[in-house]
Amino acid sequence: MNIASKKNDNWMQEFNIIQIQKIIVIATVDAIISGFSMNILPTAYTINLAVAILPIYYYFDRRLNPVLTATFIASIGLLFRTFTGYYYYGSFEAAFWADFNFLFFDMTYGVIFYLIFYRDARKTLFTLYLAAMASDFLGNASEFISRYGIMMYTSNNVMATLFLVAAIRGVIAVTLCVSINYYNSFLRKEEHDERYRMLLNIISDLKGEIYFLHSNTEHVESVMDEAFSLYREYDKLDEANRKNKALNIAKDVHEIKKNYFRVIEGIDEIILKEKPNDKLSLKDLAKILHLSLTRQLEMSHVPIVLTFHVQSEALIKEHNLLMSVLRNLINNSVEAIENGGKVEVFHNENEMRHEFVITDDGKGMSLEMQNYIFNPGYSTKYDDETGNSNRGIGLSLVKDIVENVFNGNIEVESKVGVGTRFSVTIPKESIE
C-alpha cells in the first residue's frame, strides 16, 4: 500500500470516528428534546416536537447518513426513555416495552429520508421538505399502526391529522434552514464589506511604502555604479582614494539597509494593524487565487487549465500565509508543465483538520529529486545556457510555514512523465 492509500485510509477512519461522535450527540439531544410532545389525537399517542429539528441536521451536514443516525437515535432514545420511565411504569421492563414502538418511527424516518434526500445529488430545499414530510408521515404511520393497529389508523381522522402534522413540521424545518442560511449570508456580506474597507486601507498604506522602495531602488543603482567605478579605477587610484571610495560605498549600503528595514517594519505594522478582524473564507480565498493566477497564465500565454475544487465556508485567520503556501505550490506545478496541461486544487476537511491537494500532469520528478526539493536553495529550474536558476526558496518557504507555523504536514508524490501531487494537512486550530 502506497503513502497516498495509507493517508486516505487514516483520513477516512478519522472522519468516521468524528461522524459517529456527532451522531451520538445528535441522538442524545433528540432523546432529551423528545420529552416535549403534544397529544392531539383521540388516543394516548403523542406528537414528538424533536422531529422538526432532524431535517436541519441532515441539511447542513450532507454527509450524515440518515439510516445510521436513525439507528443511534432509536437505540439511545429507547435507553433514555427506559431509565426515565422507571418511576412512571414501576419497572425497567415495563418502561422498555411501553416505548419500544418508537423504534418503528425512528427507523422508518431514517430510511425514507435516506431514499429521498441523502441519495439526491442536488439536495435542494424542495427535496428537504419532501423528505421531511414523507419521513414524518410514514414514520408516524408505522409507529401508530404498531401500537393500535391498521383499523384505528384509518379511523377518527388519524391519517389526516398525522399528514397535517408532517406538513407543518416540514414547513418549520425548511423555514429554520432558510433563516439560518439568510443569517449566514448576512454575516458574510458584513464580513465582505469590512474586508473591502480594510483592503482599501492596506492598499493606501502600502502605496507609500512602495514609493519609498522605488526611491531606494534608485539609490541602489547609484551605489552599484559607484562600486563598478571603483572596480574600473582601482589600479589608477592611490590607497587613500581607494579607502575613501570603498568607505562611501559601505556608508551608502548601510543607509540602504536602514531604509529597507524601515520599510519592512512599516509593512509589518500595516499587516499587524489590520490582522485581528481580517478573516477570509476558504471559498473566497480560492476565488481570489484562481482569478489572479488565471490572469497570470493568460498574460504568459501558457496553455494550462487551473481548476479549484474548494467549497468550504470555513473562515481562515491566517489566510495570507495559507495563500502564500498554495500560490507557491500552484506556481511550482505550473512551471513543471512544458507543453500545456492542467493543475487542480482539491480541499477536504473534517472537524480536526484541513487537507489541500495540488496535482499537475507535468514532467514529474525523480525519487532523488523529491528528497531534495524542500531544501533551501535547491531548484529544479536550472538554465544550462545562462547558468541562471531560480533561488529555490519557494518550496522551502512552503515547508517552513506548513510545519513550523501551522504545525501541519506536507508530502509529495511524483512520477517522471506523469505528474506531481502535493498534499498539505493543517490542523484547524492553527488557521481558523
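Asn407 lies in the loop between α14 and β8. Helices (H or I, at least four residues) and strands (E, at least two) are DSSP runs, numbered from the N terminus. The model is predicted, so local features need pLDDT of at least 70 and side-chain atom pairs count only at pLDDT 80 or more, while totals for chains, interfaces and linings use all residues. Residues are numbered from 1 along each chain as its sequence is written, and side-chain values use heavy atoms, with hydrogens and water left out.

**Loop residues with positive phi**

- Asn407 is not a glycine, yet its phi is positive, at about 55°.
- Asn407 is exposed, with a relative accessible area of 54%. Exposed means over 50% relative accessible area, buried under 20%, and partly exposed in between (1.4 Å probe, protein chains only).
- Lys123 is another residue other than glycine with a positive phi, near 55°.
- Lys123 sits in the loop between α6 (102-118) and α7. Lys123 counts as buried, at 13% relative accessibility.

**Ser430 and its surroundings**

- Ser430 belongs to helix α15 (residues 428-431). At 12% relative accessibility, Ser430 counts as buried.
- The Ser430 side chain reaches the backbone oxygen of Phe406 at 2.7 Å. This is a polar contact: a pair of N or O atoms within 3.5 Å; within protein, one must be able to donate a hydrogen and the other to accept it, and residues adjacent in sequence count only if both atoms are side-chain atoms.
- Leaving aside neighbours within four places in sequence, Ser430 is in contact with Lys317, Glu318, Phe406 and Asn407. Contact means heavy atoms within 4.5 Å.

**The five-stranded sheet**

- An open sheet of five strands runs in the order β4-β6-β7-β9-β8, and its pairing is mixed. Two strands pair if DSSP finds at least two bridges between them.
- Strands of a sheet pair through backbone hydrogen bonds, either parallel or antiparallel.
- β4 and β8 are the edge strands; each has a single partner strand, so one side of each has no neighbour in the sheet.
- On average, neighbouring strands of this sheet are turned by 10° against each other, direction ignored. Axes are lines fitted to C-alpha atoms, for helices over the stretch in contact, and angles run from 0 to 180 degrees between N-to-C directions.
- β7 and β9 run antiparallel and are joined by eight bridges. Arg353 has Pro427, in β9, as its bridge partner.
- Helix α11 packs on the sheet and touches β4, β6 and β7; its direction makes about 175° with that of β4.
- Helix α14 also packs on the sheet, touching β8 and β9; its direction makes about 140° with that of β8.

**Nonpolar cores**

- A nonpolar core is a set of buried Ala, Val, Leu, Ile, Met, Phe, Trp, Tyr and Cys residues joined through side-chain atoms within 4.5 Å.
- The largest core has 39 residues, and Leu322, Leu329, Ile330 and Phe422 touch the most other members.
- Elements that each supply at least two residues of this core include α11 (282-300), β4 (304-309), α12 (319-335), β6 (341-349) and β7 (353-360). α14 (394-405), β8 (409-415) and β9 (419-427) are also among them.
- α12 gives the most to this core, with seven residues.
- Beyond its neighbours within four places in sequence, Leu322 is in contact with Leu282, Leu285, Ile316, Phe356, Phe406, Ile426 and Ile431.
- Another core lies apart from it and has 19 residues, including Ala27, Val51, Phe105 and Tyr109.

**Salt bridges**

- There are 13 salt bridges in the structure. Each is a side-chain nitrogen of Lys or Arg within 4 Å of a carboxyl oxygen of Asp or Glu.
- Arg147 and Glu143 form one, with the closest N and O atoms 3.1 Å apart. They are four residues apart in helix α7 (residues 125-148), so about one helical turn separates them. Arg147 is partly exposed at 27% relative accessibility, whereas Glu143 is buried at 3%.
- Lys243 and Glu239 meet through their side chains in a salt bridge (3.4 Å, N to O). Both lie in helix α10 (residues 239-274), four residues and about one turn apart. Both Lys243 and Glu239 are exposed.
- Lys342 bridges to Glu344, the closest N and O atoms being 3.9 Å apart. Lys342 is partly exposed at 43% relative accessibility, and Glu344 is buried at 17%.
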